[in-house]
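Dear colleague,

Please find the structure below, together with the sequence. My notes on what was found in it follow directly after.

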There are 2 protein chains.
Amino acid sequence: MGVTKSEIYTEEQNRLAVQLKAIAHPARIAILQELIKANACICGDLVTELGLAQATISQHLKELKNAGLIQGTIEGVSICYCIEPKAWKNLQNELNTLFALYKDTNSCC
Amino acid sequence: MGVTKSEIYTEEQNRLAVQLKAIAHPARIAILQELIKANACICGDLVTELGLAQATISQHLKELKNAGLIQGTIEGVSICYCIEPKAWKNLQNELNTLFALYKDTNSCC
DNA sequence: TAAATACATCGTAATATTACGATTAATAAT
DNA sequence: ATTATTAATCGTAATATTACGATGTATTTA
């Protein structure tokens, strides 16, 4: 028990859930906002910006990377992170599709 | 350890994280899609529709309700669930705001 | 080469989530 | 009243997440 039964859902449902899960943490929302705001990629600045330990930030970055939402490239000693444009657009589209299903007229209860 | 430090984030970041977390599970995505599709509210139909135990569906419904994303009203023996329009719209707006921050030109790395 | 810097990874403790059977509570039908 | 139906809740086992100190790794500077 305790393990999500991915096999009973559609490909899309599973993919969307994975990406939303990656965003569904205040630290990772803050990281994404920082990455976008800085435009130029930042790195360990996040550690001072947010109030979390370096290991924790690194772990959050890894999750965002695993979900494909950000990418990182080596920049000397540090690593430069930024939004992965394709995945970002794609997530936006998937969410639009979900929200588009609902018409305000669907009022019941 | 192991507990999210909500106090270091903004109100908005925390709220968005909570709502996204509520959606970030394939079963709950499926439930929301069903609720929207059925327009008329469904209830235990979800148990047969998805392949999960009744207790599990009930638990998922509770989480969606706690996040304020759905509402339920008693309808005889069964309970009628549907989207909570205000929260749904609000989430849509919050997400739009997040996505709007990113301009495609922000390419680095 | 040695020290410094920037991140990643490991190990671990605390906590949260997921799923389900069993039970309970409430309403409806007989 | 009794039984059936529907959904919530309880208890529990398995698993996942969150956070951090300590350590490892790679590059850069002295």
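**Findings: helix packing, the chain pair and the DNA strands**

Helices H2(B) and H4(B) stand roughly perpendicular to each other, because their angle falls within the range of 65 to 115 degrees that counts as such. The angle at which H2(B) and H4(B) pack is about 75 degrees, and their axes are 10 Å apart. Please bear in mind throughout that this is a predicted model.

On the side of H2(B), which covers residues 26-38, the contact is made by B:Ala27, B:Arg28 and B:Ile31. H4(B) contributes B:His60, B:Leu61, B:Glu63 and B:Leu64 to this contact. Sorted by class, the residues where H2(B) meets H4(B) are four nonpolar, one polar and two charged.

In chain A, H2(A) and H4(A) pack at about 75 degrees, with 10 Å between their axes. H2(A) is therefore roughly perpendicular to H4(A). Here A:Ala27, A:Arg28 and A:Ile31 of H2(A) meet A:His60, A:Leu61, A:Glu63 and A:Leu64 of H4(A). The contact of H2(A) with H4(A) holds four nonpolar, one polar and two charged residues.

I turn next to the relation between the two protein chains. Chain A is superposed on chain B by a rotation of 180 degrees with 0.0 Å of shift along its axis, and the RMSD is 0.0 Å. The two copies are thus related as by a two-fold rotation axis.

How many residues of each chain are in contact with the other? There are 40 residues of chain A in contact with 40 residues of chain B. On the side of chain A that touches chain B, the elements that give two or more residues are H1 (11-23), H2 (26-38), S1 (70-75), S2 and H5 (85-101) of chain A. H1(A) provides the largest share of that side, with seven residues. The side of chain A that touches chain B consists of 25 nonpolar, 13 polar and two charged residues. Of the interface residues of chain A, 100% are also interface residues in chain B, so the copies meet through the same surface.

One helix pair that spans the two chains is H2(A) with H1(B), the latter being residues 11-23 of chain B. These helices pack at an angle of about 120 degrees, with their axes 8 Å apart, and their crossing is right-handed. A:Pro26, A:Ile29 and A:Ala30 of H2(A) make this contact with B:Gln13, B:Asn14, B:Leu16 and B:Ala17 of H1(B). By class, the contact of H2(A) with H1(B) has five nonpolar and two polar residues, and no charged ones.

The remaining notes concern the DNA. DNA strand D is surrounded by 28 residues, of which the closest are A:Gly2, B:Gly2, B:Cys43, B:Gly44 and B:Ser78. Two or more residues of the surface near DNA strand D come from each of H4 (54-66) of chain A, H4 (54-66) of chain B and S2 (78-83) of chain B. H4(B) supplies the largest share of that surface, six residues. The surface near DNA strand D comprises 13 nonpolar, 13 polar and two charged residues.

H4(A) gives the most to it, with six residues. By class, the surface near DNA strand C is made up of 13 nonpolar, 13 polar and two charged residues.

With kind regards

Terms used
Residues numbered from 1 in each chain as written. Chains lettered and ligands numbered in written order. Predicted model: local features only at pLDDT ≥ 70, side-chain atom pairs only at ≥ 80, totals over all residues. Least-squares fit on C-alpha atoms with pLDDT ≥ 70 in both. Contact = placed C-beta atoms within 7 Å. Near = placed C-beta within 6 Å. Helix = DSSP H or I, 4+ residues; strand = E, 2+ residues; numbered from the N terminus. Nonpolar A, V, L, I, M, F, W, Y, C, P; charged D, E, K, R; others polar. Axes fitted to C-alpha atoms, helices over the stretch in contact; angles between N-to-C directions. Parallel < 35°, antiparallel > 145°, perpendicular 65-115°, else oblique. Left-handed = near helix turned anticlockwise from the far one by under 90°.
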